[in-house]
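Please keep the sequence and the model at hand while reading the points.

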There are 2 protein chains.
Amino acid sequence: MGFAGRLAVLIGAQVPVTGYAGGDDGGIWLWMALIVGVLALVAAFMLIRAVNKADTGTPEMRVISDAIREGAEAFLRRQYKTIGIIALLLAVALFVGYSVSARTAPIALKVVISFLVGAICSGIAGYTGMYCSIRANIRTASAARSSLNGALQMALRGGAVTGLVVVALSLIGVGTLFLFFGGLQHPQTVPYQLVGFGFGASLVALFAQLGGGIYTKAADVGADLVGKVEAGIPEDDPRNPAVIADLVGDNVGDCAGRGADIFESTAAENVGAMILGAALYPVFGVKGILFPLVMLAVNLIASLVGVFVVRTTETEDPMHAMNRGFYVTSGLALIGFAAAVYGMLNGPLVHPGWLFGCGIVGLVTSFLFVWITEYYTESRYEPVRSIAHASLTGPATNIISGLAVGMETPAMPVIAISAALLLSYYFGVQGLHDVVGISDYAKGIYGTALATIGMLSCAAYILAMDTFGPITDNAGGIIEMSNQADAIRARTDKLDSAGNTTKALTKGYAVGSASLAAFLLFSAYLEEVRAIVAHKVNLAGGYMPPGWNFTNVNLAQVPVFVGAMLGAMLVFLFSSMAIKAVGRSAQKVVQDVRDQFRENPGIMAGTSKPDYGRCVHIVTGAALKEMVLPGALVVCLPVAVGLIFRNFSSTYQTASTTYAAGTILPVPAIAGVPVNLAGAESVAGLLMVGTIAGVLMAMLMNNGGGAWDNAKKYVESGQHGGKKSEAHKASVVGDTVGDPFKDTAGPSLHVLIKLLATITLVLAPLFV
Amino acid sequence: MGFAGRLAVLIGAQVPVTGYAGGDDGGIWLWMALIVGVLALVAAFMLIRAVNKADTGTPEMRVISDAIREGAEAFLRRQYKTIGIIALLLAVALFVGYSVSARTAPIALKVVISFLVGAICSGIAGYTGMYCSIRANIRTASAARSSLNGALQMALRGGAVTGLVVVALSLIGVGTLFLFFGGLQHPQTVPYQLVGFGFGASLVALFAQLGGGIYTKAADVGADLVGKVEAGIPEDDPRNPAVIADLVGDNVGDCAGRGADIFESTAAENVGAMILGAALYPVFGVKGILFPLVMLAVNLIASLVGVFVVRTTETEDPMHAMNRGFYVTSGLALIGFAAAVYGMLNGPLVHPGWLFGCGIVGLVTSFLFVWITEYYTESRYEPVRSIAHASLTGPATNIISGLAVGMETPAMPVIAISAALLLSYYFGVQGLHDVVGISDYAKGIYGTALATIGMLSCAAYILAMDTFGPITDNAGGIIEMSNQADAIRARTDKLDSAGNTTKALTKGYAVGSASLAAFLLFSAYLEEVRAIVAHKVNLAGGYMPPGWNFTNVNLAQVPVFVGAMLGAMLVFLFSSMAIKAVGRSAQKVVQDVRDQFRENPGIMAGTSKPDYGRCVHIVTGAALKEMVLPGALVVCLPVAVGLIFRNFSSTYQTASTTYAAGTILPVPAIAGVPVNLAGAESVAGLLMVGTIAGVLMAMLMNNGGGAWDNAKKYVESGQHGGKKSEAHKASVVGDTVGDPFKDTAGPSLHVLIKLLATITLVLAPLFV
């Protein structure tokens with residue numbers, strides 16, 4: 001059998017494939033993308049220098065800012081140590097797991113290396129983003145003393161460092177590994193060896209987001225409970241020993257956490273799209289595999305331009321200015337997408353217009369998600385107002401109404417995602433309609449991959465807007481604690497309010513991209529299982545039947561259905577654990593603050609300073625301890641399901657396994673080699689239904705939490721009796737309930753979804 | 001082709017089946033079951049007469065009881081009118097839908113008749129149960145004046161009427177239709193014609209549970225908000241104009257609603273198991289089809305004995321007495337199960353021991369569900385205590401802690417259900433191991449059906465315990481409002497507390513049986529689709545390939561995945577709508593009570609009676625209006641998905657549709673007849689993932705709500721400061737939030753799950 005024939009067999013085609021225009025210049029595209037990535041890092045470095053050079057305000061401000069910085073760095077150091085140990089243990093387990101079978105042993109080292117590189121890059125991305133934001137906060141506060149525009153630009157450019165570093169590291173990490181593993185020579189096998197990168201990135205992201213999320217809300221809830229409720233002092237009051245811990249939390253939760261979240265989104269999407277690109281190698285050559293990397297480069301350029309376009313006046317709503325930057329970024333990304341499609345995904349039998357359409361679908365979906373999130377979380381609209389109105393009859397009705405809004409929120413996004421999936425699939429099939437020998441399924445799925453790439457094509461700008469949030473939040477805290485003039489506080493309040501909006505929007509965007517990327521990752525998983533089976537059959541000297549694809553996740557099979565139930569259950573249990581962890585850690589904060597007030601009465605009198613560091617130290621320890629168990633659950637459950645259920649197929653046999661084992665259907669070639677897919681299929685059920693449940697719960701929590709928060713702000717703005725009214729008290733209850741929802745459990749669920757996908761990708765060989 | 005050959009083709013077997021012992025005496029079993037059913041109705045009638053003869057206490061008590069009865073009957077009359085109109089419209093739509101295609105037209109009338117019979121039986125079951133419970137409440141109150149045992153027996157026997165009528169009607173309804181449609185002559189086709197019965201039952205149940213659930217909680221929350229919070233009068237105070245509406249709500253929500261719920265559980269499980277029994281016709285003959293009906297008869301006898309065994313002393317916990325009855329019922333049911341298995345499901349190649357094992361699995365599962373529910377909702381255990389403890393720091397932490405408990409609750413039940421599914425499947429395969437020519441899948445699924453039958457084999461007793469709850473609740477209200485002595489109130493309080501426990505346990509049981517039955521109903525749906533395809537191919541003169549089974553619900557296919565997402569979304573949206581409906585209706589109650597207090601100051605002074613009827617009238621109207629939209633959503637979404645997606649397969653093609661359409665695999669016989677399964681498969685995805693999400697959300701809501709309720713009671717018992725403390729106030733907030741969870745949305749979700757299953761069963765022919 002010649003090369004083309006073997007190829008056709010490998011990709012599951014029936015007849016030799018036609019359509020690829022030949023002449024593979026993929027190397028040029030890869031190098032171009034890598035150079036853009038390096039330049040983006042240089043740009044980020046220059047931004048850091050520019051930020052560092054800016055004025056740091058008064059000595060009082062510096063004292064506070066230094067305390068925040070020290071706390072955040074201490075947390076990250078200890079957190080990374082814990083995560084590092086977990087990652088090393090997993091690396092060893094991965095190596096052992098892969099080495100057991102002669103079939104997987106040859107790539108064991110490569111998978112472990114890419115796992116470690118992914119984990120390290122994820123860590124660096126999180127750290128750098130926070131490094132800059134804890135320095136930009138005081139400079140933003142200082143700039144706010146002279147102009148709104150100066151403060152806005154400082155905060156956004158500080159945020160841009162995170163965006164650029166995250167996306168650039170994702171590009172450089174995957175690109176370099178691809179080169180290093182000889183991807184240009186073996187483009188069809190190397191993408192499978194990169195799955196470790198996504199797993200490493202998600203693992204670090206899960207712990208970063210979970211630990212940071214527990215930290216930030218434990219400190220926030222603890223500080224509020226003991227400060228506002230018990231001691232009767234306002235938020236951000238310097239007499240509260242937990243106030244610095246609260247400000248540290250904004251950085252470690254929102255900045256470092258979300259940075260790691262988006263890093264693994266791009267990483268997972270990258271690797272998944274490259275695997276699907278490998279299935280279309282006969283059509284696009286290596287360029288189809290490298291397309292996602294090139295789009296990350298486009299992303300970097302478009303976002304950098306977008307950030308520098310943003311400027312505002314003293315009277316404008318800062319949100320408008322940032323939206324202008326977003327529109328510029330989107331426009332440039334769209335142009336870049338078109339250029340990349342016509343330059344890379346082209347050929348005599350390809351209709352690139354349809355493929356470009358996939359990118360438009362992705363971009364439109366991201367706009368829809370932003371709008372839907374705005375509708376549910378902004379006080380201009382009905383949902384938030386209904387919660388505010390329900391506060392009139394007390395906390396119970398406020399909570400009921402908030403939960404009802406939260407449960408309603410998934411409806412429109414699910415419809416948007418459904419439409420995006422169906423459309424991009426259709427566009428993918430149409431775009432490759434004339435290509436013979438590739439299944440419609442592979443074509444359609446590549447379409448959904450392109451839509452995901454389109455949706456993520458503004459990621460760096462979105463991340464800059466997101467990191468803007470904690471920076472301005474911190475800046476406001478510094479201004480408040482250092483007793484600056486009211487006019488300055490008004491400026492930071494304006495920015496802070498815009499920051500709350502951007503944080504909510506980014507969460508909508510993150511969960512939207514996670515749900516679109518999920519389908520791409522499922523398909524990558526199925527594709528990988530197929531490749532494993534093919535490899536196994538070939539090793540045993542069998543003949544892989546033409547047209548055999550593992551595209552079957554049969555919910556009607558008992559083990560798969562059980563896997564699916566367990567996946568959904570995992571989401572609920574994980575959320576419960578995350579929320580309880582916040583409660584327990586907050587109790588420790590409350591205890592410490594009470595102790596400090598009792599031990600040192602001078603604190604409340606304002607005559608002596610509280611020991612901020614002690615509180616920071618306590619939250620750090622509590623958050624790190626609490627993140628381990630839920631994290632371990634997410635890692636262990638899919639592995640357990642895969643390993644247990646892979647022994648199940650002889651009894652629990654249905655169409656798909658029957659097919660694979662060849663008992664009924666004429667697939668003697670596989671029949672000769674025993675192939676058991678019950679484990680792989682059950683894990684796929686867990687993954688898919690876990691993802692659906694995770695996306696819905698994340699939306700419920702993010703949007704419900706955001707709506708409660710803004711309902712409180714709406715009441716505070718003077719509605720329904722304003723501050724200090726009974727309605728306000730009720731709305732504060734809702735806000736407090738929403739806090740662990742929207743800042744701990746919700747964002748952690750985004751990461752959980754992708755971790756499920758990447759862990760199954762990495763461990764697929766063990767389940768077969 | 002001979003009869004055996006055609007049979008083998010019909011059931012999808014490869015070779016003629018061996019194992020059936022011949023000599024079909026199914027008719028005897030059917031008649032025996034029907035006679036037991038009729039005798040059970042007679043017993044129920046005698047119980048009603050006995051209840052009616054009992055003493056009705058003082059004139060004051062009668063005034064209150066009459067008001068409750070009038071309100072409940074007025075609501076049910078108006079509710080049944082609304083449901084009747086909806087049912088008639090659907091009957092017409094069903095008839096038209098079936099008549100359009102020549103293929104389905106011949107059975108159109110039969111399906112519509114069974115739909116209407118199911119709906120009417122469901123209505124009668126709900127009505128009779130309520131008829132007796134609104135008469136038993138005052139007699140229980142009266143009996144409580146002399147002894148606890150008398151009151152307990154009165155309440156339980158009043159409840160037993162509901163249990164007997166519900167189960168007997170289910171048995172008689174299905175059994176008579178089976179006879180009437182010629183089931184004894186055509187046992188393999190008639191079960192499919194009964195699917196309408198399940199659909200009719202679920203439709204009425206959905207609206208009964210939803211309308212009743214909205215009514216009961218709107219009245220409860222409204223009465224509490226305006227009575228306890230605004231006017232400062234205690235619960236059940238006769239000055240509150242909404243107090244009668246609140247007591248009416250217990251009957252229409254808990255009694256009539258849960259009666260309809262369990263009615264459709266047994267109906268759906270019956271029909272589903274009969275369809276699966278039809279697939280095993282060659283093994284068991286008609287006896288395999290009639291087995292579920294015979295087990296209903298066993299259920300009736302065992303439960304009747306169980307009810308009459310219950311007696312207690314003045315000092316015993318009434319829960320212990322009722323548990324004794326439950327153990328007696330379970331023991332008898334188990335003996336009956338064994339007898340039925342050895343008598344009916346036997347043959348030379350069958351191992352009935354394994355099949356009996358399936359029944360044990362089902363019964364053990366029901367015990368596990370009861371225990372798990374107790375663990376999460378009783379104040380003896382950690383979860384409720386953690387919520388009570390969290391109340392110390394205010395309503396926010398109470399709510400967070402309650403939600404965390406709620407989200408944790410699905411974990412253990414999901415593991416129990418998973419184990420039950422895997423075990424009963426395995427037992428089913430082992431029990432029929434020596435039977436050749438039937439797929440393992442059909443054997444295993446029949447095993448899960450047997451487990452479901454085992455789980456439901458105490459349904460009548462469980463329902464008696466459940467209806468016990470609202471009867472004692474009402475009795476307590478009557479005692480309170482008619483100013484009886486404290487010692488009497490103490491007796492009814494004891495019964496009321498046991499009633500709260502039984503209500504929580506029944507909900508656990510209902511959701512457990514719903515999730516186990518769900519898998520059986522999925523399989524029945526797949527089996528029906530297979531039969532439709534076979535019928536279609538045969539009509540077109542094609543030859544059905546041996547071994548072809550539709551057992552494929554491929555989540556990796558985009559339309560199926562989209563269907564799955566929509567199914568999960570439906571659960572969230574429906575819950576949101578149900579909760580909002582309670583809020584809106586409660587607002588109307590609050591408004592009316594405020595108006596009455598203003599218009600007639602004599603009410604608060606105690607000099608004149610409030611207009612209870614006006615409040616009842618207002619809640620009735622509001623609940624009926626609010627139930628329509630969520631109900632319509634549940635009916636319309638699966639239909640829309642099925643009808644839209646059935647046109648999708650040409651592009652969105654994967655393994656299963658490819659297989660069916662014969663493009664790749666050698667199934668020319670079907671290929672000759674175009675068969676498009678994209679619609680049927682997408683609906684299956686919606687059904688399965690909707691079920692998973694529904695089961696988890698229902699557990700969250702039922703157990704979370706129950707835990708909040710008992711945390712409040714725990715605080716009231718003197719913990720954490722007792723009544724009137726800040727912790728108590730916080731725990732009242734949690735209880736109020738939990739109310740619409742556990743009494744409206746949660747129970748409605750049980751019904752939603754089964755309605756999804758039955759609607760897809762009925763409409764399957766339209767999706768192919």
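The points below concern the basis of the model, the chain contact, salt bridges, a helix crossing and one glycine.

1. This is a predicted model, in which local features need pLDDT of at least 70 and side-chain atom pairs count only at pLDDT 80 or more, while totals for chains, interfaces and linings use all residues. Residues are numbered from 1 along each chain as its sequence is written, chains are lettered from A and ligands numbered from 1 in the order in which they are written, and side-chain values use heavy atoms, with hydrogens and water left out.

2. A:Met407, A:Leu422 and A:Phe572 supply 10% of what chain A buries against chain B, more than any other three residues.

3. Between chain A and chain B the count is 2 salt bridges, a salt bridge being a side-chain nitrogen of Lys or Arg within 4 Å of a carboxyl oxygen of Asp or Glu. A:Lys580 forms a salt bridge with B:Glu408, with the closest N and O atoms 2.1 Å apart.

4. Over all chains, the whole structure holds 54 salt bridges. Within chain A, A:Asp493 forms a salt bridge with A:Arg489, the closest N and O atoms being 3.0 Å apart. These two residues are separated by about one helical turn because they lie 4 residues apart in helix 18 of chain A.

5. The axes of helix 13 (residues 382–390) and helix 24 (residues 678–716) of chain A come within 8 Å and cross at roughly 65 degrees. Such axes are lines fitted to C-alpha atoms over the stretch in contact, with angles running from 0 to 180 degrees between N-to-C directions. Among the residues making this contact are A:Ile387 of helix 13 and A:Trp708 of helix 24.

6. A:Gly97 belongs to helix 3 (residues 59–100) of chain A. A:Gly97 and A:Leu763 are 666 residues apart in sequence, and 8.5 Å apart in space, C-alpha to C-alpha. Leaving aside neighbours within four places in sequence, A:Gly97 is in contact with A:Thr104 and A:Leu766.

Terms used. Contact means heavy atoms within 4.5 Å. Buried area is the accessible area (1.4 Å probe) that two parts lose on being put together, summed over both.
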